[in-house]
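Please keep the sequence and the model in view while going through the points.

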Amino acid sequence: MQEAFFEEVGGPEVIRIHDVPEPVPSPGEVLVRTHAVDIGRADINYRRGFYPWPQFMPACPGWEGSGVVESLGEGVTNVKIGDPVYLVTMLTSPGDEGRGFGREKLVVSAERLVAVPEDVDLQDAATTGYYAMAWNALREGYGGKPRPDQNHEGALPATLLQIGAAGAFGTAFVQVAKALGIEVIGTISSEEKAAFASSSGADHTINYRTEDVHARVLELTNGRGVDMIVDHIGGPEFGKFFDTLAPWGTILVLNLEAGDAGIDLLQPVVHSKRWPAVRYYGAIGLGEAPEEMKAHCEAVLDLMAEGKLHPRIGTVFPLEEVVAAQTLVEAGALGYVVLQLNRA
């Protein structure tokens with residue numbers, strides 16, 4: 001069987017394909033025939049050596065995917081042959097981030113599988129990760145006063161500003177926010193991306209290249225600002241957004257793709273008249289809470305089955321074109337980029 005791998009950090013060209021023996025499940029494990037693998041920003045960051053933790057080499061790309069159970073190890077009773085399943089490294093190999101799913105078959109612990117409802121396409125299921133992050137972050141990361149219409153313990157914002165609303169990450173947050181009844185304003189950089197974000201559910205879009213984001217948000221919210229900002233970009237623009245928040249609002253920071261803000265975060269907080277909160281959220285911590293992680297994944301897969309979430313899959317590549325897939329993601333693809341395996 002074939003497997004994608006790389007042995008050093010660098011550009012997409014470090015990834016190669018080689019033949020490896022088909023694995024055999026031990027007691028408590030299952031053999032999964034991989035169907036689809038999402039190639040996301042986490043793959044790029046890991047390959048580039050962006051993350052602060054140690055690199056595990058050789059590494060296999062593809063931090064989440066889907067497949068079908070092909071055989072069972074001794075003692076496995078919670079799944080059966082033929083079951084469709086979702087896979088994510090934070091569950092299947094916590095602490096060993098080098099073990100991705102860019103391979104035709106793999107062995108994982110049966111207890112770490114997430115069942116995929118029969119009404120969910122396996123390509124869609126392979127994109128569950130960002131949706132699960134959004135489900136967790138929007139429900140638990142706000143910390144403000146609950147809305148009057150709320151029916152669960154964590155407070156939900158009424159309005160959200162999603163920075164970078166047209167990428168795979170932003171699209172997941174836009175769609176989950178809409179499923180939770182949140183009004184969404186998304187920043188974009190072109191008319192094409194504005195149309196994409198709007199078709200994903202964003203109520204309003206702001207072109208940050210041609211418009212003043214702060215002024216436009218205040219206009220759209222009658223001067224109040226938004227309850228929550230989700231910013232996975234960071235960089236030197238980060239400090240601009242504090243006064244775009246409504247009183248007691250929250251900025252949720254993830255990934256920081258453009259690097260650190262380069263400012264003392266305490267200063268804008270102290271000088272703001274809106275008493276903002278800054279919360280950092282990283283999915284890697286959910287690897288230490290597997291049952292919670294599974295619950296988030298199951299919740300969004302159920303929403304997909306109900307037709308409330310619609311993954312925007314833009315481009316599909318075969319495994320042998322994994323370099324092209326990662327190159328496209330790194331360049332800034334619209335929607336999800338997916339590898340499809342075992343196509344026969």
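Predicted model: local features only at pLDDT ≥ 70, side-chain atom pairs only at ≥ 80, totals over all residues.

1. Are Tyr 130 and Tyr 336 buried or exposed? Tyr 130 is buried, and Tyr 336 is buried as well.

2. The aromatic rings deserve attention next. A pair of aromatic rings is described by the distance of the centres and the angle of the planes. Six aromatic pairs are counted here. In the pair formed by Tyr 130 and Tyr 336, the ring centres are 6.4 Å apart and the planes stand at 40 degrees, so this pair is tilted.

3. Tyr 130 belongs to helix H4 (residues 128-140), while Tyr 336 belongs to strand E15 (residues 336-340). The pair therefore ties together parts that are 206 residues apart in sequence. Both tyrosines are members of one aromatic cluster, which also includes Tyr 131, Phe 169 and Phe 173.

4. The charged end of Arg 312 is placed over the ring of Phe 196, at 4.1 Å from the ring centre.

5. E9 pairs with strand E8 (residues 159-162) in the parallel sense, over four bridges. Within this pairing, Val 184 in E9 stands opposite Leu 160. Between the two strands, the chain runs from E8 through helix H5 (residues 168-179) to E9, and this β-α-β crossover is right-handed.

6. E9 also pairs with strand E10 (residues 204-207), in the parallel sense and over four bridges. Here Ile 188 has Asn 207 in E10 as its bridge partner. The chain passes from E9 through helix H6 (residues 191-200) to E10, in a β-α-β crossover that is right-handed.

7. How many disulfides does the structure hold? The number is zero. Cys 60 has a relative accessibility of 4%, so Cys 60 counts as buried. Cys 297 has a relative accessible area of 0% and is therefore buried. For both residues, the value is to be compared with the limit for a buried residue, which is under 20% relative accessible area.

Technical notes:
Residues numbered from 1 in each chain as written. Heavy atoms only, no water. Phe/Tyr/Trp six-rings, centres within 6.5 Å; stacked < 30°, edge-to-face > 60°. Buried < 20%, exposed > 50% of the residue type's maximum accessible area, 1.4 Å probe, protein only. Lys NZ or Arg CZ within 6 Å of the ring centre and 35° of its normal. Pairing = 2+ DSSP bridges. Right-handed = clockwise from strand over helix to strand, strands pointing away. Disulfide = S-S within 2.5 Å.
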